[in-house]
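Reader: I would like to learn how to read contacts and helix packing in a model of this kind, and I would be glad to go feature by feature.

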Amino acid sequence: MNYPPEPFRIKMVEPLRRVTQEDREHALREAGFNVFALRAEDVYIDLLTDSGTGAMSDRQWGAALTGDESYAGARSFFHLAEAMREVFGFRHFVPTHQGRAAENILCAVLLRPGQYVPSNMHFDTTQANVLARDGIPENLVIALAADPRSRDPFKGNMDLGRLEEFIGRVGASNIPFGMITITNNAGGGQPVSLENLRGVSAIYRRHGIPFYIDACRYAENAFFIREREAGQQGRPLRDIVREIFALADGATMSAKKDALVNIGGFLAMNDDDVFQRVCNELILREGFPTYGGLAGRDLEAMAVGLLEGLDEDYLAYRVGQTRYLGERLLEVGIPIVEPPGGHAIYLDAGALLPHIPHAEFPGQALCVELYRQGGIRGVEIGSTMFARWDAHTGEMHYPELELVRLALPRRVYTQAHLDYVVSVAARVRAGREALRGLRLTYAPPLLRHFTCRFEPL
Ligand code: F0G
């Protein structure tokens, strides 16, 4: 497996601390065996998220220094507007402080209680924003998405038959907008094909349902389309991206992902009336429409980052780095969600630790062990996050997959860092039979994975 040479060199460094085994044991106990409660300084390789954790380029930092901090009509806004037009081509947009703010405003303006919002898979903040307005989120991804061994090239695709059936059942008038997430973060970081996006758009349009794309990782998705989809090889990425967004009526985006910034996002749309209402809601929640909760310097960094995030050499390196980590982990016998996605590798803890039942959190056990043995922080995506108590039947419902996500911050870690991750994972695997599960000692009612506490069994 080849590691793609980085299309950049390092000009500024942030020292990392090698934490001793003893310190890690202590930190784990203090954190209640929940890695969200660790101090980041006690982590050696932090793969908790790829969101806002990337390294900005010298050009982005240079642009940030030229930020225009005017309240209204800042020059920096118009720089961003130019990049937005070049990349996405929507008629309107407003900046927001991050992705979930864009989701909140979209739901505030378009969604009424009892209405439905379909997607391939909603990310958890999107789902929560729909629920917070008493809407009903619906996930209609293809069935292959739940099969970790399938190497289907586009496991993020929407099931078009189920989408048609769903619209027929609840009625188009009860769907204020439809969505799709590219790439599908909640489903292994898997891409959606251009053909599928065309199909989704055709269905939404036929029913008069506005189509919004959750565009966080659109550039990685476009790269996969070019690499994997028949007829797309050799096509300029900018072209593919323009076609994707021409299929939609708007988009939400956390710029903390493919726009390579530490904070920022946007909500974009074509409809004049929606834009008007969005501006009013934005002023209430985020700020004036030409800054939307960001400083002028953030807008500048985002304008540059949007274009850097679409650079072909950068994306080949980015997707290649993730693939390298995934294939090396497979080589040492760690089961993962295949094929490797764009921004993260999802370890299949359920398959690695079959002796630990759902009720004892195999994903959390693996997460804890990666930190204990190597100072590596991932995030559990399994029963800690998704197990649900059914009050009617008095039974616990467990998710099918017990995963640990290792998300790669952009332009941050080197091949040696990833080789280290692989060697720690191999060591954890060697001792897997001795690993035990965990017991919850505290859990809040909602979004419990962030603050719950455990003790080892
Ligand atoms: N949509 C997707 C697909 C995401 O992955 C995220 C964030 C959001 C929306 C919300 O954006 O965080 O800027 O408000 N995902 C991060 C993650 C947190 O770790 O996957 P935000």
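Reader: Which atoms of glycine 99 lie 2.9 Å from an oxygen atom of the ligand, backbone or side-chain?

Author: This is a predicted model, in which local features need pLDDT of at least 70 and side-chain atom pairs count only at pLDDT 80 or more, while totals for chains, interfaces and linings use all residues. Residues are numbered from 1 along each chain as its sequence is written, and side-chain values use heavy atoms, with hydrogens and water left out. A polar contact is a pair of N or O atoms within 3.5 Å; within protein, one must be able to donate a hydrogen and the other to accept it, and residues adjacent in sequence count only if both atoms are side-chain atoms. For glycine 99 it is a backbone N or O atom that lies 2.9 Å from an oxygen atom of the ligand.

Reader: Which side chains have polar atoms at 2.9 Å and 2.7 Å from an oxygen atom of the ligand?

Author: An N or O atom in the side chain of arginine 217 is 2.9 Å from a ligand oxygen, and a polar side-chain atom of serine 254 lies 2.7 Å from an oxygen atom of the ligand.

Reader: How many residues surround the ligand, and which are the closest?

Author: A residue is near a molecule if one of its heavy atoms lies within 4 Å of it. Here 17 residues surround the ligand, and the closest are Thr49, Arg100, Asp214, Ser254 and Lys257.

Reader: Turning to packing, at what angle do the axes of helix 4 and helix 5 cross?

Author: Helices (H or I, at least four residues) and strands (E, at least two) are DSSP runs numbered from the N terminus, and axes are lines fitted to C-alpha atoms, for helices over the stretch in contact, with angles from 0 to 180 degrees between N-to-C directions. The axes of helix 4 (residues 99-110) and helix 5 (residues 124-132) come within 9 Å and cross at roughly 25°. That makes helix 4 roughly parallel to helix 5, given that angles under 35 degrees count as roughly parallel, over 145 as roughly antiparallel, 65 to 115 as roughly perpendicular and the rest as oblique.

Reader: Which residues of helix 4 and helix 5 meet?

Author: With contact meaning heavy atoms within 4.5 Å, Arg100, Glu103, Asn104 and Cys107 in helix 4 meet Thr125, Thr126, Asn129 and Val130 in helix 5. By class, the residues of this contact divide into 2 nonpolar, 4 polar and 2 charged, where Ala, Val, Leu, Ile, Met, Phe, Trp, Tyr, Cys and Pro count as nonpolar, Asp, Glu, Lys and Arg as charged, and the others, Gly among them, as polar.

Reader: How do helix 8 and helix 9 pack, and at what angle?

Author: Helix 8 (residues 218-228) and helix 9 (residues 237-246) pack at about 110°, with their axes 9 Å apart, and are therefore roughly perpendicular to each other. Their contact is made by residues including Phe223 and Ile225 of helix 8 and Ile240 and Phe245 of helix 9, and its residues comprise 9 nonpolar, no polar and 1 charged.
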